[in-house]
Protein chains: 2
Amino acid sequence: MMDNLELIKSISISSPSKIVLLVIDGLGGLPEPQTGKTELETANTPNLDQLAAKGICGLIDPVGPGITPGSAPGHLALFGYDPVSFNIGRGVLEAIGTDFDLEQGDVAARGNFCTVDERGLVSDRRAGRISTEKCAELCQLLDGLAIDEVRLFVCPVREHRFIVVFRGEGLSPEVSDSDPQQVGVAPKIITALRSEADRMSSIASRFAAQAETTLARHHPANMVLLRGFSQRPHFPTMGEIYKLKPAAVASYPMYRGLAKLVGMEVLETGTGIEDEFATLKQNYTNYDFFFLHIKGTDSAGEDGDFDRKVGIIEQVDDALSKLISIEPDVIVVTGDHSTPALLKGHSWHPVPILLYSKWCRPDKVSEFSESACLSGGLGRFPGTQIMPLAMANALKLNKFGA
Amino acid sequence: MMDNLELIKSISISSPSKIVLLVIDGLGGLPEPQTGKTELETANTPNLDQLAAKGICGLIDPVGPGITPGSAPGHLALFGYDPVSFNIGRGVLEAIGTDFDLEQGDVAARGNFCTVDERGLVSDRRAGRISTEKCAELCQLLDGLAIDEVRLFVCPVREHRFIVVFRGEGLSPEVSDSDPQQVGVAPKIITALRSEADRMSSIASRFAAQAETTLARHHPANMVLLRGFSQRPHFPTMGEIYKLKPAAVASYPMYRGLAKLVGMEVLETGTGIEDEFATLKQNYTNYDFFFLHIKGTDSAGEDGDFDRKVGIIEQVDDALSKLISIEPDVIVVTGDHSTPALLKGHSWHPVPILLYSKWCRPDKVSEFSESACLSGGLGRFPGTQIMPLAMANALKLNKFGA
């Protein structure tokens with residue numbers, strides 16, 4: 001049976017109209033007990049409110065009611081890919097997050113520096129959370145190895161976390177983790193889960209053995225644990241599905257990597273909110289779809305900093321006026337999930353969305369907020385349906401059936 | 001896993017209660033910029049409003065958010081059939097649209113009269129859009145042929161379009177199109193896509209050759225292009241699924257044909273709105289489900305005629321009083337899709353729905369309009385769920401599970 005992406009692919013058409021998807025990471029929040037208002041409701045957002053008044057609003061569930069999305073599933077949903085069936089391995093996700101340029105055939109794994117005792121049993125899976133600087137030093141000791149014509153890249157992530165990428169012929173990700181996920185036992189032997197992964201298991205095991213030797217005198221980080229061996233997935237691109245020429249503006253590597261996985265071109269940009277909007281404007285004529293990612297809201301939410309999150313939303317609102325002035329045919333503003341400052345982390349709460357286009361059948365919502373969106377014309381719907389809606393509003397979808 | 005139709009089939013029961021599904025084709029609209037009101041919101045509709053006040057309202061997505069339904073998918077959804085998995089071939093759909101009575105085993109194809117140059121290359125796929133009268137004349141030249149004991153029916157549709165139906169033993173629709181979908185090339189050779197279609201490909205090819213000879217002196221319509229070979233699909237009937245005895249009242253052939261495909265009896269009726277309501281009333285005792293189809297709203301929308309669409313909605317409202325007076329147990333009023341006059345075509349916007357029954361748990365909506373339905377008790381939901389709701393409100397569904 002035809003799945004949803006096939007359906008969209010069969011009716012999508014290329015046209016000059018332009019769509020902008022502005023993702024304010026972790027946008028949704030929870031009300032601050034004293035004021036009863038969320039971060040978005042507290043922020044002064046004249047431009048978002050004006051757009052909400054002219055457009056149509058609602059609430060999305062990125063993955064499903066009650067499900068708290070990680071960054072990858074949240075964004076895959078926004079791009080129209082069912083985040084449950086389109087899976088990205090942990091190693092690949094971690095590699096993407098460091099801006100590592102994975103090639104087809106590479107196998108990536110997520111690594112921890114850990115502590116083993118004199119008997120070889122894991123006593124601390126995180127090696128006392130060594131500093132990121134220390135992690136980078138140790139990675140240098142292991143980086144650049146070659147084992148049986150397979151080249152190894154070892155790159156720091158943060159604290160005790162690193163990635164290792166294996167590049168060579170005939171590698172398969174179908175091997176087991178060495179991370180035992182508990183202390184008091186030895187690292188597990190890496191084994192092939194299918195016969196075609198024999199070579200990979202041998203090379204990964206030799207890497208672990210080499211790491212043990214090299215790190216022997218670097219207690220507490222005297223061993224490595226590996227998990228999530230995976231290869232870059234083959235997703236149909238947004239060009240194939242939607243016949244779009246899509247570009248991404250994102251200052252964090254994870255989001256650039258996710259955009260690359262679905263075939264977007266990643267534009268060079270600065271780290272500020274103004275920089276990102278300026279990059280979009282400079283490249284406006286060359287693409288017909290823009291994904292613009294704002295990270296600060298999520299970080300502030302994770303830090304539990306309600307006021308900082310409010311401030312960043314206000315900065316985005318301010319920058320938005322520039323985007324509105326160039327009059328894209330469709331503007332969508334939403335988030336990949338909620339990150340309420342009160343919860344200090346991602347959450348399952350549905351995320352406000354506004355869609356503006358000439359053809360959107362406006363509702364009566366005149367303020368962009370969680371509570372106002374509740375009575376919006378888009379209702380509450382799965383995040384994967386944003387792209388079909390945006391495409392329809394850009395008049396980029398033919399009629400289905402006669 | 002049990003699909004939705006199997007579930008309904010397992011709990012549906014026959015009973016004397018009666019359901020009327022009034023489909024106002026292309027009902028949903030977009031607000032006229034000066035008034036901010038849609039066609040339905042502009043129309044004076046005391047009867048619909050009264051029914052909305054006593055009933056429960058909402059908005060449906062016939063196929064899905066962002067998807068603009070053709071007439072066939074839109075109606076299949078209203079009858080409870082998933083329009084993505086229940087597919088109707090183009091030839092069959094076209095035949096249905098001319099009121100042609102397809103028998104099991106018939107293969108129907110959609111045809112174009114086209115122009116070929118002296119080298120046999122297609123120079124105009126539509127033969128200069130010849131008149132419907134001319135098309136009928138040319139069809140007469142080809143109609144009634146018999147090739148290898150297969151009888152051919154050639155019937156005009158509109159302008160350059162016609163249908164050809166092949167009736168005989170052992171025909172398969174699994175053959176390729178002859179329409180190359182471009183000019184400057186020869187018509188494509190019709191080939192069997194599976195071995196059981198060898199006979200069909202041979203007969204279709206001989207028909208094309210015969211047409212070339214017959215039409216040689218009828219430039220610009222000197223050749224035919226065929227596509228969408230298909231057979232009448234085997235859908236479970238509404239009688240099987242719902243245990244209903246259903247009847248259709250529709251003045252346009254396409255909708256009579258769709259109703260036949262799902263097992264409805266098609267009643268003879270006149271072309272006016274009053275005629276259709278009168279037909280329903282005359283046949284009221286003989287059936288327990290009525291599909292009443294109003295075409296004019298869609299045609300007015302496609303013509304971009306806002307005021308005419310408003311006028312037709314008012315006529316329907318007027319006629320509705322007769323229906324209300326005979327007190328069906330369940331009345332559902334909705335559309336198969338939106339056709340905003342501003343867009344001059346079908347659109348993806350959700351369609352207002354009202355359901356009235358003694359058991360409907362009324363909401364606070366007191367006006368039948370796109371904006372009022374937004375806060376209706378039915379919420380926003382897929383069109384395929386209308387039939388289960390109507391059946392439940394007619395007390396025709398048993399409890400599921402013990």
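**Exercise 1. The interface**

Find how much area is buried between chain A and chain B in this predicted model, and which residues of chain A supply much of it.

*Solution.* Step one: the size of an interface is often given as the accessible area lost when the parts come together. Between chain A and chain B, about 2100 Å² is buried, and carbon and sulfur atoms give 69% of it.

Step two: look at who takes part. On the chain A side 25 residues are in contact with 32 residues of chain B. A:Arg361, A:Phe400 and A:Ala402 supply 37% of the area that chain A buries against chain B, more than any other three residues.

Step three: check for salt bridges. The count between chain A and chain B is 0.

**Exercise 2. How the copies are related**

**Exercise 3. A salt bridge within chain A**

Over all chains the structure holds 39 salt bridges. Take the one between A:Arg129 and A:Glu159 and say which parts it ties together.

*Solution.* First, the distance: the two side chains meet at 3.0 Å, N to O, inside the 4 Å cut-off for a salt bridge. Next, the places: A:Arg129 lies in the loop between strand 4 (122–124) and helix 6 (132–142) of chain A, while A:Glu159 lies in the loop between strand 6 (150–158) and strand 7 (161–167), so the pair ties together parts 30 residues apart in sequence.

**Exercise 4. Two helix pairs**

Describe how helix 3 of chain A meets helix 12 of chain A, then do likewise for helix 5 and helix 9 of chain B.

*Solution.* In chain A, the axes of helix 3 (residues 46–54) and helix 12 (residues 306–325) come within 7 Å and cross at roughly 50°. These two helices are therefore oblique to each other. Among the residues that meet are A:Leu48 and A:Leu51 from helix 3, with A:Leu320 and A:Ile324 from helix 12. By class, the contact has 5 nonpolar, 2 polar and 2 charged residues.

In chain B, the axes of helix 5 (residues 90–97) and helix 9 (residues 253–261) come within 7 Å, crossing at roughly 120°. That makes helix 5 oblique to helix 9. Here B:Leu93, B:Ile96 and B:Gly97 meet residues of helix 9 including B:Met254 and B:Leu258.

Definitions and conventions:
Residues numbered from 1 in each chain as written. Chains lettered and ligands numbered in written order. Predicted model: local features only at pLDDT ≥ 70, side-chain atom pairs only at ≥ 80, totals over all residues. Heavy atoms only, no water. Axes fitted to C-alpha atoms, helices over the stretch in contact; angles between N-to-C directions. Helix = DSSP H or I, 4+ residues; strand = E, 2+ residues; numbered from the N terminus. Parallel < 35°, antiparallel > 145°, perpendicular 65-115°, else oblique. Contact = heavy atoms within 4.5 Å. Buried area = accessible area lost by both parts, 1.4 Å probe. Nonpolar A, V, L, I, M, F, W, Y, C, P; charged D, E, K, R; others polar.
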